[in-house]
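I opened this model to look at its ligand and its pockets. My notes follow the display.

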Amino acid sequence: MEQPHWQPSRQSAAPLHVQIMQYIRDKIAGGEWPVGTRIPSQRKLAEAFKVNRSTVVTALEELAAAGMLEGCRGGGTRVVNHTWGALAAKPPTNWDDYVKSGIHRPNLPAVQEINRAEFHPGIVRLGTGELSPELLPHREMSSVLHRVADRTPSLGYGEPMGDPQLRELLAARLRKLGIAASPASVLVVSGALQALQLISVGLLEQGSAVLVERPSYLYSVPVFQSAGMKLRGVPMDEEGLRADLVGAYARQYSASLLYTIPTFHNPSGTLMTEQRRRQLMDAIEAEGLPVIEDDVYRDLWLDEPSPRPLKARDTAGNILYLGSLSKTVSPGLRIGWIAGPQPVLERLADIKMQSDYGSSTLSQQAAAEWLGSGWYEQHMERVRDQLKARRAIMLGCLDKHFSDIASWNAPPGGFYIWLKLHSQLPARTLFDQALRRNILINPGHLYDRDANQYIRLSYAYASLKDMEQSLAQLAEIIKSISS
Ligand SMILES: Cc1ncc(COP(=O)(O)O)c(C=O)c1O
């Protein structure tokens, strides 16, 4: 549950604990906190309300005495009754039971916490996989949206495969990368994450095994697991996925699919070498193993242009290729794409129509304007220059503060530095202590449950000043925990 933003008034004649009681009672009686809801801990409520913990305890005890709250096994406090429910003949709906019964898995608790903490005022986000507001093209986006508006845009539902003009532009870009694509082999989706969702429910049998790099972004979003798949991690090295192991893993687990991020991997930043790409193509062709190539970071190269995608080498139609505007132009547009065999895309488009009736047509028209006007290329040049400078600053800070406590590699592009701490620290303590100082980190275990010694850093998000100060503080925190 989100932390309340309300605080009791110290100017009020009513004592603080009475104001807190009234606040909680209104939440419960109004149905915002239905029966079964686990309310935030005493510590969190005291922090949110800016009062002593004992004040919160008094308010909760009174509400418990009134029969509205009850302590639950395993700690915490739960709503057990609301005032009208106590009088009614039938007990109120226990939404908590429903919430636990849905098919889709919840996010990992740490991911939920990060998703909430990202919007705390004053927080410094050291691991966020998103361009900083300073790097997002606000001025250009305003012009793009004006141009779209001036053309009396279509406001209706769109075609199942997506806006024809956008697909034309995407197909042309894909052909420049060496991918044999036409508008009919491109499906527009609401971000690459939706592509994964559609694939997981549309193409794979329940119980299938999906091979992924270990670590992988895919461990941090339970999309495949919710659709009944199992993820099987294949090790990586500094050249990328260990292609020499793919055949054996595919056979051992009867894998249905391989998911890979060969270019500026999330979270490790690794760029798969040319030789490794060839080796991987040989392995997947020998196994007849379908592949999802997630290439959302391709245009964020910082030293030299990215190598050709795997899909450009795919003559057998084994690869589904994913791209997105989220990491380059605006995650808020929610525009991504899948390139692949037409029957597969038609199946996915059919499911997409059942789930959202197509991606926002306005966003698609804005995306077409970005890609068709030449602004995308100009913007990317600026983004690359700035990311390069940010990468240098972050690496400088790491040299200064972390050289005796961690090791890392300089990534050739993308957003991330995969920081390996020399000592094994309790990840929770580190996360909490950093958060207490308004520093939000992405712990390694989100991407591989055994990667407790790692932190995913991003040089893309925090302002330079915040980045420098927070990295120095983070090093201090790590040193104090390990001493
Ligand atoms: C590798 C990878 N794929 C997909 C996504 C999701 O992107 P989108 O915003 O296009 O859904 C992300 C975002 O972090 C990512 O890192």
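These entries go from the ligand shell to the pockets.

**Entry 1: the ligand shell.** I am working from a predicted model. I looked up what surrounds the ligand and found 14 residues. The closest are Asp294, Tyr297, Ser324, Ser326 and Lys327. I sorted the shell by class: seven nonpolar, four polar and three charged residues.

Entry 2: I checked the oxygen atoms of the ligand next. A polar backbone atom of Ala192 is 2.7 Å from a ligand oxygen. For Asn266, a polar side-chain atom lies 2.7 Å from an oxygen atom of the ligand. Lys327 has a side-chain N or O atom 2.7 Å from a ligand oxygen. I then looked up the cover: on its own the ligand has 400 Å² of accessible area, and the protein covers 91% of that.

Entry 3: Which pocket holds the ligand? I find the ligand in the second largest pocket. Its volume is about 780 Å³. I count 31 lining residues, with Gly129, Leu193, Tyr217, Val221 and Lys327 nearest the centre. Two or more lining residues each come from α6 and α9 (192–202). The largest share, three residues, is from α6. By class I note 14 nonpolar, 10 polar and seven charged residues in this lining.

**Entry 4: the largest pocket.** I moved on to the largest pocket, with a volume of about 1700 Å³. Its lining has 44 residues, and Met1, Glu2, Gln3, Lys44 and Arg116 lie nearest the centre. Elements giving two or more residues include α2 (42–49), α5 (95–101) and α16 (427–436). Here α6 gives the largest share, five residues. The lining divides into 14 nonpolar, 14 polar and 16 charged residues.

Technical notes:
Residues are numbered from 1 along each chain as its sequence is written. This is a predicted model: local features need pLDDT of at least 70, side-chain atom pairs count only at pLDDT 80 or more; totals for chains, interfaces and linings use all residues. Side-chain values use heavy atoms; hydrogens and water are left out. A residue is near a molecule or strand if one of its heavy atoms lies within 4 Å of it. A polar contact is a pair of N or O atoms within 3.5 Å; within protein, one must be able to donate a hydrogen and the other to accept it, and residues adjacent in sequence count only if both atoms are side-chain atoms. Accessible areas come from the Shrake-Rupley method with a 1.4 Å probe; for residues, only the protein chains shown count as cover. On a 1 Å grid over the protein atoms alone, a cavity is a set of points where a 1.4 Å probe fits but cannot get out, and a pocket is an open set with protein on both sides within 12 Å along at least five of seven lines; lining residues have an atom within 4 Å of a point. A molecule sits in a cavity or pocket if more than half of its atoms lie within 2 Å of its grid points. Ala, Val, Leu, Ile, Met, Phe, Trp, Tyr, Cys and Pro count as nonpolar, Asp, Glu, Lys and Arg as charged, and the others, Gly among them, as polar. Grid points are joined across faces, edges and corners, and a volume is the space filled by probe spheres set on the points. Helices (H or I, at least four residues) and strands (E, at least two) are DSSP runs, numbered from the N terminus.
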